[in-house]
Amino acid sequence: MARTSFGAMVLKDGNSEKSLELFLSIGLDERTASNTINNNKVTSNLTAVIHEAAVTDGCDRTTGNLLYSVATKYPANALVHRPTLLKYIVTSKIKTPAQLEAAFSFFANTGSEDFKLNEFEEACGVGIEVSPEDIEKAVNKIFKENNKTILEQRYRTNVGELFGHVRKSLPWADPKIVKKLIDEKMFELLGERTAADNEKPTKKKEKKEKPAKVEEKKTVVEATPEPSEEELNPYTIFPQPEQNFMVHTEVFFSDGSILRCSNTKEVLDKHLKVTGGKVYTRFPPEPNGYLHIGHAKAMFVDFGLAKERGGCCYLRYDDTNPEAEKEEYINHIEEIVNWMGWEPFKITYTSDYFQELYDLAVELIRRGHAYVDHQTAEEIKEYREKKMNSPWRDRPIEESLKLFDEMRRGMIEEGKATLRMKQDMQSDNFNMYDLIAYRIKFAPHPKAGDKWCIYPSYDYAHCTVDSLENITHSLCTLEFETRRASYYWLLHSLSLYMPYVWEYSRLNVTNTVMSKRKLNYIVTNKYVDGWDDPRLLTLAGLRRRGVTSTAINAFVRGIGITRSDGSMIHVSRLEHHIREELNKTAPRTMVVLNPLKVVITNLESDKIIELDAKRWPDAQNDDPSAFYKVPFSRVVYIDQSDFRMKDSKDYYGLAPGKSVLLRYAFPIKCTNVVYADDNETVREIHAEYDPGKKSKPKGVLHWVAESSPGKEPIKVEVRLFEKLFNSENPAELNDDWLTDINPNSKVVISGAYAVSTLKDAAVGDRFQFERLGYYAVDKDSEPENLVFNRTVTLRDSYGKGGK
């Protein structure tokens, strides 16, 4: 009973308020503390750590966060050394995350063996104080060594490399101070970021890639990058298949016994013989809706690990519910997986294994680990809440075998019987409360037809199919962590091979909902225009909006695959990666959203001047493919927002008597304003152009002109999308979440004008509308009516407060 931890006792007694109070006392924020008490294992570990560290009366937030990391990340093979580490933390000898990570690494390699304190202290930088002055000196030194290159590259300089150089010389420096000083130094040296800093790098850089002189190798740009190990390979945290004999988890029972789940040598050898020692993973979506950006992270983990290790990844449809699956969803999933750049080793369905699963269920009954139950769903819920055994729990094995066979043959009515696993109704883990293995459903299956009228549950099928497919790494999100005990209990009870289970934080992005139930609701009830509505963070919606799969994968890789609490990621971080790619790949063009007519009075009415406009900001004059032709005529159109009657110092648009430069064309000066009949609305502007370009106005405007006298530019529809929900986390609003939908999340502009070269744009083509943002051609387009979706604006807020 010694293993029944403090946290488990707190939950068992129902004193979750005491746990919350304890966790808040060590400086955890309310969300982290609340999430923790909902997880028995973490509650147990953290409560034990707090008592072990003797800080039950509270401590500062820095110490508390380190203790939380110990509770969630400490290497299990070195528990005997944990008290030593805690003493170093509470006495502030170890006080930074970098020191703590070094300690974890040291103890993971030490295991339960003895170690020398001086070696431990040296490995963790104990006693080494790095002052802000020391950091400033190191930063100044790096900038001095690389001054010339930084001035050349400006904000294209790889700041990560500068950071790496400082951390290499001062490994125990506070990373926040390092980053702050580097940013300040960059600004001091370069000033405000200019538009040119965001443009595509010039091709001249190729000349610099010729064999460099020895002394040039000292520059930051020529130096070998020094990213972290996880940045280089985020999959290093996962063990090799041949290590799958170690204890994966411990299942605690209410009688004080402990099940240490691991593979025997014989079982593992048999598995390795089948797989050849390769990594086998699976991406197991349920075909009951469209995939969203959270699934992009799952794909990155599942397919990415298999690819990195030269292994195999199944695309497995979890089709255990015959009433929820649709062919539409199945086809969509396969298409999106391919679009995201992943190639399944094999496509399988849980229904492929219905016979094997049934046979294993019979074996489970024979071994005394399952029984047929006649409780209703409401009764099962009530008994689980009261931790009471079902009246049919101890029925004879032969009786359960006979009834289960009758269930299979359709002799028992739907809802009158289930097959339940005989687990532990007194456990501290509710996922061990005799979970249901099979239900009766008189519904044909989309793939299996009408062969079955009983269907396995997720809790029963998921782990058994993992084992049947010889999965080496069963990877899922943290909310499934409490199911780990049931997962291993079932495989152990059937003497099956056990994969390595590892949970990672789920991906939560602001201003949207990820729940398939909620997504299905707003799609079905027409709050949005289908599963691929560009306002949704479904992968189909993102693709339709103009987002590329490579930008999504870059975003996911940047977040990492750690076991953090899955805090909310600001959508600006995703938008940052989208801009980074489109800035390099989307050709420039000009579109005026809300046209305002400008008559050039000193240009002949029949004169057309053909000008060169750049598809790319760094276009070289000897590359004709980098330019497109635009006509400049007597009638041009600018955006209404670029004209005002009253000028001001900070305004760079057009005003009466003021000049602006029309991009790629000429300066124009407003000479007259013509009003509509209401004497308020500006109908058109008269202006004179400067053919010699002698004037040098500061303001530069985009524009579109008539291609011939009286012929309007091509008219296009532009859809401007904003965040679908006003709140960063609409899920927190509970039943009021629908009231948070942003009524202005979609604005349609039907009368925009575009340059004539856009008339041949095809669905999916992406462009940068100069000064406006990035846009993609929508599937609703027709030959004479192009529709563009705004993918993202030009402004990037991620570096200025995005999280």
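Colleague: In which sense do β3 and strand β4 (residues 312-317) pair, and over how many bridges?

Modeller: Two strands pair if DSSP finds at least two bridges between them. Strands (E, at least two residues) and helices (H or I, at least four) are DSSP runs, numbered from the N terminus. Here β3 and β4 pair in the parallel sense over four bridges, and Phe283 stands opposite Leu315 in β4. One caution: this is a predicted model, where local features need pLDDT of at least 70, side-chain atom pairs count only at pLDDT 80 or more, and totals for chains, interfaces and linings use all residues. Residues are numbered from 1 along each chain as its sequence is written, and side-chain values use heavy atoms, leaving out hydrogens and water.

Colleague: What is the order of the strands in the open sheet?

Modeller: The order is β3-β4-β5, with parallel pairing. β3 (280-283) and β5 (346-349) are at the edges with a single partner strand each, so one side of each has no neighbour in the sheet.

Colleague: And how do I find a cavity?

Modeller: Rolling a probe the size of a water molecule over the atoms shows where empty space is left. On a 1 Å grid over the protein atoms alone, a cavity is a set of points where a 1.4 Å probe fits but cannot get out; lining residues have an atom within 4 Å of a point. Points are joined across faces, edges and corners, and the volume is the space filled by probe spheres set on them.

Colleague: What volume does the largest cavity have?

Modeller: About 140 Å³. Its lining includes Tyr458, Phe480 and Glu503, and α21 gives the most, with four residues.

Technical notes. 1 Å grid on protein atoms, 1.4 Å probe; cavity = no way out; pocket = protein on both sides within 12 Å on 5 of 7 lines; lining within 4 Å.
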